[in-house]
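Hi,

Here is the structure I promised to pass on. Have a look at it first, and then read on for what turned up.

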Amino acid sequence: MSDFPPSLIIEHTLLKPTTTDAQVVQVCEEAVEYGFAAVCIPPVYVARAAEMLRGSEVHVCTVVGFPAGFECSATKVFAAHQALKNGAHEIDMVVQQGWIQDARYADIEREIRQVKEVCRSATLKVIIECCNLNAEQKRRTALCVATAGADYVKTSTGTGSSGATLADVELLYECVGANTGIKAAGGIRTLEQLNALHRAGARRIGTSAGVDIVQEWLHDRK
């Protein structure tokens, strides 16, 4: 059982293609009720969420280059700028997957730097989609994320062939240590999973099952 409220590290996530305004409202209300660290929602709803969450401690997070990451760098920079202008506090961007396969690590680092320059003090998390990478690719891309000044390396979009794994979080932590945060996302649905990933080094957990996880934690404490 966690000795801290899991809500403190949960990003309450809603990134389905069919996401509606009513669902975003519900996610924001739940985030305030349960004390989640952030909501992670589609860019089109950032202004709506920012309005709803104004005055709360819940951050608004959105995605850039999601889910495949193959937009050009200028498009990602513009998208990040628009999201921040609309009230986002945090950006989760997807790297160029093909560049990893081609070992274009200098280009990857350059793109991350460009987006971080727009973010300034806002939090930037970089999704590397671990399920598509071998161990060496994960290591080298994670180092690009850290060197470029991003705040977190994130395991997964949640749309790939698999989501966060304990092995991936352990590997990423070996690469970036405590200086760069790790966000685990994709397929995390239980308190046991959250605890294991947190112990392995994940400082943020992206999940659509946040309410269930917190309720499980509250039940265990009775």
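Does Asp151 count as buried, partly exposed or exposed, and at what relative accessibility? Asp151 counts as partly exposed, because its relative accessibility is 26%, where buried means under 20% relative accessible area, exposed over 50% and partly exposed in between (1.4 Å probe, protein chains only).

Before the rest, the ground rules. This is a predicted model, so local features need pLDDT of at least 70 and side-chain atom pairs count only at pLDDT 80 or more, while totals for chains, interfaces and linings use all residues. Residues are numbered from 1 along each chain as its sequence is written, and side-chain values use heavy atoms, with hydrogens and water left out.

Back to Asp151. You'll find Asp151 in the loop between α6 (135-147) and β6 (152-154); helices (H or I, at least four residues) and strands (E, at least two) are DSSP runs, numbered from the N terminus. Setting aside neighbours within four places in sequence, Asp151 is in contact (heavy atoms within 4.5 Å) with Lys116, Ala122, Thr123, Leu124, Thr180 and Gly181. The side chains of Asp151 and Lys116 are joined by a polar contact of 2.8 Å. By polar contact I mean a pair of N or O atoms within 3.5 Å; within protein, one must be able to donate a hydrogen and the other to accept it, and residues adjacent in sequence count only if both atoms are side-chain atoms. The Asp151 side chain also reaches the backbone nitrogen of Leu124, at 2.8 Å.

Now the charges. Side chains of opposite charge can pair when their charged atoms come close. A salt bridge here is a side-chain nitrogen of Lys or Arg within 4 Å of a carboxyl oxygen of Asp or Glu, and by this rule the count comes to 16 salt bridges.

Start with Glu11, which forms a salt bridge with Lys125, their closest N and O atoms being 3.2 Å apart. Glu11 lies in strand β1 and Lys125 in strand β5 (residues 123-127), so this pair ties together parts that are 114 residues apart in sequence. Glu11 also meets Lys183 in a salt bridge (2.4 Å, N to O). Because Lys183 lies in strand β7 (residues 181-185) and Glu11 in β1, that pair ties together parts that are 172 residues apart in sequence. Lys183 in turn forms a salt bridge with Asp92, with 2.7 Å between the closest N and O atoms. Asp92 is in strand β4 (residues 90-94), so its pair with Lys183 in β7 ties together parts that are 91 residues apart in sequence. As for burial, Glu11 and Lys125 are both buried, and so are Lys183 and Asp92.

Thr13 is buried, with a relative accessible area of 16%, and its side chain reaches the backbone oxygen of Glu11 at 2.8 Å. Not counting residues up to four places away in sequence, Thr13 touches Cys40, Gly206, Thr207 and Ser208.

On to the helices. Helix α1 (residues 21-34) has 14 residues and reaches 20 Å from its first C-alpha to its last, close to the 20 Å expected at 1.5 Å a residue; the expected span is 1.5 Å times one less than the number of residues. Its buried residues pack against β1 (10-13), β2 (38-41), α2 (46-53) and α9 (210-220). After α1 comes Gly35, whose phi is positive, near 75°.

Helix α5 (residues 105-119) has 15 residues and reaches 21 Å, close to the 21 Å expected. Among its buried residues are Tyr105, Asp107 and Lys116, and the buried residues of α5 pack against α3 (73-85), β4, α4 (97-101), β5 and α6. Arg120 follows α5, and its phi is positive, near 55°.

Last, the rings. Rings of Phe, Tyr and Trp (its six-membered ring) pair if their centres lie within 6.5 Å; planes under 30 degrees apart count as stacked, over 60 as edge-to-face and the rest as tilted. By this rule the count comes to one aromatic pair. The ring centres of Tyr34 and Phe36 are 5.9 Å apart and their planes are at 20°, so the pair is stacked. Tyr34 and Phe36 are both buried.

Cheers
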